[in-house]
Amino acid sequence: MKNTSLWSYGKRIQVYIGNILSNALRYANTFIEIKCMKTQNTTKIQIFNDGDKISKESIPHIFERFYTDNKGNTGIELSMASDIIKHHNGTIDVKNKDNGVSFIIQLPI
């Protein structure tokens with residue numbers, strides 16, 4: 001018999017990683033970089049794209065459902081990803097870098 005709670009957890013992880021990768025593909029100029037790190041208590045996933053930075057005004061709201069930035073982009077996918085990550089006691093953050101944008105996800109092991 002399949003353990004549905006583990007299957008659901010795995011499916012949810014696929015969904016949120018897929019949502020963030022979809023965004024990275026949409027906004028990247030030439031490349032995306034994915035890093036995964038594991039500590040004793042957490043798994044950290046960092047997804048970087050070399051696209052335009054996110055405005056300072058948008059960063060605090062980027063994970064809000066139906067938020068629309070000044071370019072008309074909506075944050076539905078990022079909102080869904082954030083909800084799933086928080087449901088699993090994780091965190092998600094976004095940081096502008098010199099040459100792009102990085103999303104950092106941390107999940108407890």
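User: How many aromatic pairs does the structure hold?

Analyst: This is a predicted model. The structure holds two aromatic pairs. One joins F31 and F48, with 5.7 Å centre to centre. The other joins F63 and F103, with ring centres 6.3 Å apart. Rings pair if their centres lie within 6.5 Å, so both count.

User: Why is the pair of F31 and F48 called tilted?

Analyst: The planes of F31 and F48 stand at 40°. Stacked needs under 30 degrees and edge-to-face needs over 60, so an angle of 40° is tilted.

User: What makes the pair a link between distant parts of the chain, and where do F31 and F48 lie?

Analyst: F31 is in the loop between helix 1 (4-27) and strand 1 (32-38). F48 belongs to strand 2 (residues 42-49).

User: Why is the pair of F63 and F103 called edge-to-face?

Analyst: The ring planes of F63 and F103 are at 80°. Edge-to-face needs over 60 degrees, so the name applies. This pair also links distant parts of the chain: F63 is in the loop between strand 2 and helix 2 (76-87), and F103 is in strand 4 (residues 100-108). They are 40 residues apart. Both F63 and F103 are buried.

User: What is the order of the strands in the sheet, and how do they pair?

Analyst: Four strands form an open sheet in the order 1-2-4-3, with antiparallel pairing.

User: What makes strand 1 and strand 3 edge strands?

Analyst: Strand 1 and strand 3 (91-97) each have a single partner strand, so one side of each lacks a neighbour in the sheet. On average, neighbouring strands of this sheet are turned by 15° against each other, direction ignored.

User: How do you know that strand 2 and strand 4 pair?

Analyst: Eight bridges join strand 2 to strand 4. Pairing needs at least two, so the pair qualifies. The two strands run antiparallel. T42 stands opposite P108 in strand 4.

User: Which strands does helix 2 touch?

Analyst: Helix 2 packs on the sheet and touches strand 3 and strand 4. Its direction makes about 25° with that of strand 4.

User: What pattern does the protein chain follow along the sequence?

Analyst: The pattern is α-β-β-α-β-β, with two helices and four strands.

Note on methods
Residues are numbered from 1 along each chain as its sequence is written. This is a predicted model: local features need pLDDT of at least 70, side-chain atom pairs count only at pLDDT 80 or more; totals for chains, interfaces and linings use all residues. Side-chain values use heavy atoms; hydrogens and water are left out. Rings of Phe, Tyr and Trp (its six-membered ring) pair if their centres lie within 6.5 Å; planes under 30 degrees apart count as stacked, over 60 as edge-to-face and the rest as tilted. Buried means under 20% relative accessible area, exposed over 50%, partly exposed in between (1.4 Å probe, protein chains only). Axes are lines fitted to C-alpha atoms, for helices over the stretch in contact, and angles run from 0 to 180 degrees between N-to-C directions. Contact means heavy atoms within 4.5 Å.
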